[in-house]
Amino acid sequence: MLSILGFLSLVYGLEGADVVLSCSLIEEGGGMGGLMGGGGAMFKRTPSTLVFRDLVENADLSPELVTPYNPPETPNADDLIFELMLPSIHIPNADLLLHADCNEQEVVCEISRYVPRDADMDSRPAHFISSVQLVGGGISLTLVLQTLHSETAQPDTQPLVQSKLNLTLSQSGTLLTEVVFVVFSRVPSIVAPIGGDVLLDCGFRQKDSVPGQEVALEWRLQHRGNGRKILQMNAKETDMAPDVFVDREGTSAEADLLVRDGNASLAMQGLKVTDEGTYICTVGSGDFQTQQIVQLHITQPPHVTLSEEKLTFQDSTPQKLSCHCNRYYPLDVQVDWFTQTPSEEEPVSFTRESSLSSHRQHSDGTFSLSSYLTLRPNTHPPGTVVTCRVSHPALEISSDVSLTVDKPEPRKGFWTVILMLAISGLFLYQAFRGAGGSPQEKKYTT
């Protein structure tokens, strides 16, 4: 998806603040100038503007801090300005769009034609679908726009028609629309640990919904080219037992919340590595159906240990120290070695002198790896601190494990021989006395 730099403009008024986004109108049949899409289709992008009128209540805004949006002084039939009038349905967390620039977040906005279910292509009003996303986290919206009737300045005046869309524009040269259906996610990307629980956020709002109208919900998982349906639900407000299909144990959605509050969120318990992937939340109600994408990332921090608790050099023989990183996910892990002798003020990196084993994958999808460093007594004297530092996406800070090289113990071989000789002499002496004394004593007793 091509990233389009979003910009915001605020209008201070009684109703609320306007949000103005730089968008792209996506059309098929772009020819050589288009972009290659899925299935080999060619697409063309035309710069456009999306104006949310009175999207956010502005009780805390100051008139000195806002820049009003002004339509072009001279309307142009080639301009593509989609003007959304005062929202007829509530759009959750819309204030995040208002503050995107201040938070240095990019807004991606795309618009394309939309055909409602069971609708005639030539029917009026016309419909468009708009995708609005905050890059790097935040609200994600998929809006169905419906055109509104535009009045001309004078009854006998020829209306201004947009050259590309062939639709009548307002007096200010904008295409007046309203939001009639929206599917949103307030957390389109979430990280959760193995064995944990998670709630994938998805919801919808609809204008003029019919009481008792059925709402269809489907959650689908896409990962590494494979896809499968996780949950499907068809529910009405009057249903005591909605039609529900679940393909994963520990997965659920609330039918009453779906119909009553537009809450289409998916709850998942006991997460596994195989649950990671792209989740597609599709909601259909009445003539409209659209979807949101939620990314689920599974993580597990490594358990880091050293092969030795203490290390001592008895002679000049080098010794190998191992650092074990056990059962982590995802695969990305970095192991660094540092040593600091008593004479050094700062640790010195020895990572280049180390070696790594291959990744070992366990049956639960987690990985393990070992790193090895050879230590030598001439470069690592007693008092040297040896540290293995492991970095991983599941760790907020790196995990360090250390040991200190000990002084060699006194040699025990000589004193062991002396002790053994002394014990042997004592044993012989006692044995001789038990046999009747010395030869001299026997000579004078006869």
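Buried means under 20% relative accessible area, exposed over 50% and partly exposed in between, using a 1.4 Å probe and protein chains only. Keep that in mind as you select Ser265, which counts as buried because its relative accessibility is 9%.

Some ground rules: this is a predicted model, where local features need pLDDT of at least 70, side-chain atom pairs count only at pLDDT 80 or more, and totals for chains, interfaces and linings use all residues. Residues are numbered from 1 along each chain as its sequence is written, and side-chain values use heavy atoms, with hydrogens and water left out.

Stay on Ser265, in the loop between α2 (255–261) and β16 (266–268); helices (H or I, at least four residues) and strands (E, at least two) are DSSP runs numbered from the N terminus. Leaving aside neighbours within four places in sequence, its contacts (heavy atoms within 4.5 Å) include Leu200, Cys202 and Trp219.

Next, select Cys202 and Cys281: they form a disulfide with sulfur atoms 2.1 Å apart, the cut-off for a disulfide being cysteine sulfur atoms within 2.5 Å. This pair links distant parts of the chain, with Cys202 in the loop between β10 (198–200) and β11 (203–206) and Cys281 in strand β17 (residues 277–285). Both Cys202 and Cys281 are buried.

Now move to Cys323 and Cys388, another disulfide, at 2.0 Å between sulfurs. Its S-S torsion is about -80°, so the link is left-handed.
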